[in-house]
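Subject: Handover of a structure

Dear colleague,

Please find the structure below, followed by an account of what was found in it.

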Amino acid sequence: MSSNLDSTKKLKIPSFPNPQVSIIIPVFNNWDINYSCIKSIIENTGESIPYEIIIADDCSSDNTKDCTSIIENIIHLHKYLIIKNKLY
């Protein structure tokens, strides 16, 4: 799988108005693995139980941060605030 988003096959997660299951995937970089995981979920789940996929992204610096451009209906939570310990 290429790390270039332009050459990556677009995925579409089914959209349900009231999902009964939330699949939460904590991620940090490793776009190829994250993409494969989401693709596998889509390919192996039916539509009998409404679900959603949430990516909990810990400030990825690779293509993971741009997953919404390649995966339709994904919820991407990107941690933008970094709190550093301060010594006084």
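The accessible surface of the protein chain comes to about 6100 Å², and 53% of this area belongs to carbon and sulfur atoms. Accessible areas come from the Shrake-Rupley method with a 1.4 Å probe, and for residues only the protein chains shown count as cover. This is a predicted model, in which local features need pLDDT of at least 70 and side-chain atom pairs count only at pLDDT 80 or more, while totals for chains, interfaces and linings use all residues. Residues are numbered from 1 along each chain as its sequence is written, and side-chain values use heavy atoms, with hydrogens and water left out.

Of the 88 residues in the protein chain, 34% are buried (under 20% relative accessible area; exposed is over 50%, and partly exposed lies in between, with a 1.4 Å probe and protein chains only). Among contacts (heavy atoms within 4.5 Å) between residues at least 6 apart in sequence, 69% join residues at least 24 apart.

The protein chain has 1 helix and 5 strands, arranged along the sequence as β-β-α-β-β-β. Helices (H or I, at least four residues) and strands (E, at least two) are DSSP runs, numbered from the N terminus.

An open sheet of 3 strands has the order 2-3-5, with parallel pairing; two strands pair if DSSP finds at least two bridges between them. Strand 2 (21-27) and strand 5 (75-78) stand at the edges with a single partner strand each, so one side of each has no neighbour in the sheet. From one strand to the next, the twist averages 20 degrees (axes are lines fitted to C-alpha atoms, for helices over the stretch in contact, and angles run from 0 to 180 degrees between N-to-C directions). Strand 2 is joined to strand 3 (residues 51-57) by 7 bridges, and I24 has I54 in strand 3 as its bridge partner.

The structure also holds 2 aromatic pairs. Rings of Phe, Tyr and Trp (its six-membered ring) pair if their centres lie within 6.5 Å; planes under 30 degrees apart count as stacked, over 60 as edge-to-face and the rest as tilted.

F16 and Y51 form a tilted pair, 5.8 Å centre to centre with 50 degrees between the planes. F16 lies in the loop between strand 1 (11-12) and strand 2, and Y51 in strand 3, so this pair ties together parts that are 35 residues apart in sequence. F16 is buried at 18% relative accessible area, and Y51 is buried at 5%.

The ring centres of W31 and Y35 are 5.5 Å apart and their planes stand at 50 degrees, so this pair is tilted. Both residues, W31 and Y35, lie in helix 1 (residues 31-44), 4 residues apart, about one turn of the helix. W31 is buried at 3% relative accessibility, and Y35 is buried at 3%.
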